[in-house]
Amino acid sequence: ESVLSVVFVDGEGECVEYCTAGDPYEAQVAAATWLDATMHMRRSGSRLGMGELRQWILEGEKGGVVVRRVADEHLLVVMLAADGLSARLLLGLDLLVALLREDAGFPATGWDRVREPWLSVRPEPLPE
């Protein structure tokens, strides 16, 4: 209920994969739109000596977004309902990002780290 869509995009804003409770086209366009903001923040943070951008969060009155870098040129964009942000969601994103990296064969990054030891444990596959 709090997560409206999750879109995995490449460095050109093209959708790699998505899951949405709403219109797929709108979810993909929204995710591509946040790519520009992410690239701007990435450059600004670098100029200010903050290092590489890992993640950013925007909470608005009517909704929010969490943008998490998965690899140098790939992002995970999570659109949220109002008051949808939670610690549980952020911890879940850590696990999801680790699994996406593994599945896509992306190398480990120097700018991201596993924050909890349980993230190194792969969950059991779902029965088919």
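1. Cavity, and what counts as one. A cavity is a set of grid points where a 1.4 Å probe fits but cannot get out. By that test, this predicted model holds one cavity of 30 Å³ or more. About 50 Å³ of space lies in the largest cavity.

2. Cavity lining. Which residues line the largest cavity? Val9, Asp10 and Gly11 do, together with Leu35, Met39, Ala71, Asp72, Glu73, His74 and Leu75. By element, strand E1 (3-10), helix H1 (24-47) and strand E5 (74-81) each supply at least two residues of this lining. By type, the lining residues divide into five nonpolar, two polar and three charged.

3. Overall layout. The chain has two helices and five strands. Read from the N terminus, the order is β-β-α-β-β-β-α. Of the 128 residues in the chain, 33% are buried. Take the contacts between residues at least 6 apart in sequence: 49% of them join residues at least 24 apart.

4. Main core. In soluble globular proteins, nonpolar side chains tend to be buried together. Here the largest nonpolar core has eleven residues. They are Val7, Val9, Ala27, Ala31, Leu35, Leu53, Trp56, Val65, Val67, Leu75 and Val77. E1, H1, strand E4 (63-71) and E5 each supply at least two residues of this core. H1 gives the most, with three residues. Val9, Leu35 and Leu75 belong to this core and also line the largest cavity.

5. Trp56. This residue is a member of the largest core. What does Trp56 contact, leaving aside neighbours within four places in sequence? The partners are Trp34, Ala37, Thr38, Met41, Val65, Val66 and Val67. Val65 and Val67 are core members too.

6. Ser5. This residue sits in strand E1. Is Ser5 buried or exposed? Ser5 counts as buried because its relative accessibility is 4%, and the cut-off for buried is under 20%. Beyond four places in sequence, Ser5 is in contact with Cys19, Thr20, Ala27, Val77, Val78 and Met79.

7. Glu17. Strand E2 (residues 15-20) holds Glu17. Glu17 and Val7 are ten residues apart in sequence, yet their C-alpha atoms are 6.0 Å apart in space. Leaving aside neighbours within four places, Glu17 is in contact with Val6, Val7 and Phe8.

8. Cysteines. How many disulfides does the structure hold? The count is zero. A disulfide is a covalent bond between the sulfur atoms of two cysteines. Cys15 is partly exposed, at a relative accessible area of 27%. Cys19 is exposed, at 55%. The two labels differ because exposed requires over 50%, and partly exposed runs from there down to the buried limit of 20%.

9. Asp83. Where is Asp83? Asp83 lies in the loop between E5 and helix H2 (87-104). Its phi is near 60°, a positive value in a residue other than glycine. Asp83 counts as exposed because its relative accessibility is 75%, and the cut-off for exposed is over 50%.

Methods
Residues are numbered from 1 along each chain as its sequence is written. This is a predicted model: local features need pLDDT of at least 70, side-chain atom pairs count only at pLDDT 80 or more; totals for chains, interfaces and linings use all residues. Side-chain values use heavy atoms; hydrogens and water are left out. A disulfide is a pair of cysteine sulfur atoms within 2.5 Å. Buried means under 20% relative accessible area, exposed over 50%, partly exposed in between (1.4 Å probe, protein chains only). On a 1 Å grid over the protein atoms alone, a cavity is a set of points where a 1.4 Å probe fits but cannot get out, and a pocket is an open set with protein on both sides within 12 Å along at least five of seven lines; lining residues have an atom within 4 Å of a point. Grid points are joined across faces, edges and corners, and a volume is the space filled by probe spheres set on the points. Helices (H or I, at least four residues) and strands (E, at least two) are DSSP runs, numbered from the N terminus. Ala, Val, Leu, Ile, Met, Phe, Trp, Tyr, Cys and Pro count as nonpolar, Asp, Glu, Lys and Arg as charged, and the others, Gly among them, as polar. A nonpolar core is a set of buried Ala, Val, Leu, Ile, Met, Phe, Trp, Tyr and Cys residues joined through side-chain atoms within 4.5 Å. Contact means heavy atoms within 4.5 Å.
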